[in-house]
Amino acid sequence: MLRRKARRAQGADDPLDAAQERRVRAVLALGGVPQADLPDGVQQVRLRLLERAAKGDEAPRDVSAWAAVVASNLAMDWHRAKRRQERLGERLASLRQPAGARDEDSSVLSLAVAQGLDELPDAQRQVLVLRFYADLSVRGIAEELGIPEGTVKSRLHSAVRALRARLHEDEVV
């Protein structure tokens, strides 16, 4: 009941009507997005429609079809993110040493690398993590981020150089 009242109050400003929202939910669900994440997906579609209007772009001829395509893309993005997280988790799990095998040197190195990563600019840290922790190729990173491969290589080079300098500066390596 409360939800219906909130929707009625929102009604004039809501770019998606009830039928369009149901279609978006169905596309997301059929795309494999878990039930718990469906409301977020619907909100993302609304946001993209509102952003489009805010930029002054013409409204789509068929909002329902446009919303379904956006929902389908969001479902694919959700799966990509899930696969990246799984690969990262697997990679980190394989790197973990048993608690007794950890020595002081590896702990110091881990801490120094973590601090070095924190000090890198966001763009450099992002490509470094994607390349060496998520094990994505340069091409894969470029595609995921929508930037040229040369930019990825340049950021990687700068990030590695800065991190190496930091580790030498701290006399860790």
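This is a predicted model: local features need pLDDT of at least 70, side-chain atom pairs count only at pLDDT 80 or more; totals for chains, interfaces and linings use all residues.
Biologist: How are helix 7 and helix 8 oriented to each other?

Modeller: Helix 7 covers residues 138–145 and helix 8 covers residues 149–169, and their axes lie 8 Å apart. The packing angle is about 110°. Angles of 65 to 115 degrees count as roughly perpendicular, so helix 7 and helix 8 are roughly perpendicular.

Biologist: Which residues of helix 8 make the contact with helix 7?

Modeller: Helix 7 passes helix 8 in a right-handed crossing. From helix 7, the contact involves V138, R139, I141 and A142. By class, the contact of helix 7 with helix 8 comprises 5 nonpolar, no polar and 3 charged residues. On the side of helix 8, the residues are E149, V152, K153 and L156.

Biologist: Are helix 2 and helix 3 perpendicular or oblique to each other?

Modeller: Helix 2 (residues 18–30) packs with helix 3 (residues 38–54) at an axis separation of 9 Å. Their angle is about 125°, and the two helices are therefore oblique.

Biologist: How many charged residues are in the contact of helix 2 with helix 3?

Modeller: Helix 2 contributes E21, V24, R25, L28 and A29, while helix 3 contributes L38, P39, G41, V42, V45 and R46. The classes are 7 nonpolar and 1 polar, and the charged residues number 3.

Biologist: Which residue lies over the face of F132?

Modeller: A search of the whole structure for aromatic pairs finds 0. The ring of F132 does have a residue over its face, at 5.8 Å from the ring centre. That residue is R131.

Note on methods. Residues are numbered from 1 along each chain as its sequence is written. Side-chain values use heavy atoms; hydrogens and water are left out. Rings of Phe, Tyr and Trp (its six-membered ring) pair if their centres lie within 6.5 Å; planes under 30 degrees apart count as stacked, over 60 as edge-to-face and the rest as tilted. A charge sits over a ring if NZ of Lys or CZ of Arg is within 6 Å of the ring centre and within 35 degrees of the ring normal. Axes are lines fitted to C-alpha atoms, for helices over the stretch in contact, and angles run from 0 to 180 degrees between N-to-C directions. Helices (H or I, at least four residues) and strands (E, at least two) are DSSP runs, numbered from the N terminus. Angles under 35 degrees count as roughly parallel, over 145 as roughly antiparallel, 65 to 115 as roughly perpendicular and the rest as oblique. A crossing is left-handed if the near helix is turned anticlockwise from the far one by less than a right angle, and right-handed if clockwise. Contact means heavy atoms within 4.5 Å. Ala, Val, Leu, Ile, Met, Phe, Trp, Tyr, Cys and Pro count as nonpolar, Asp, Glu, Lys and Arg as charged, and the others, Gly among them, as polar.
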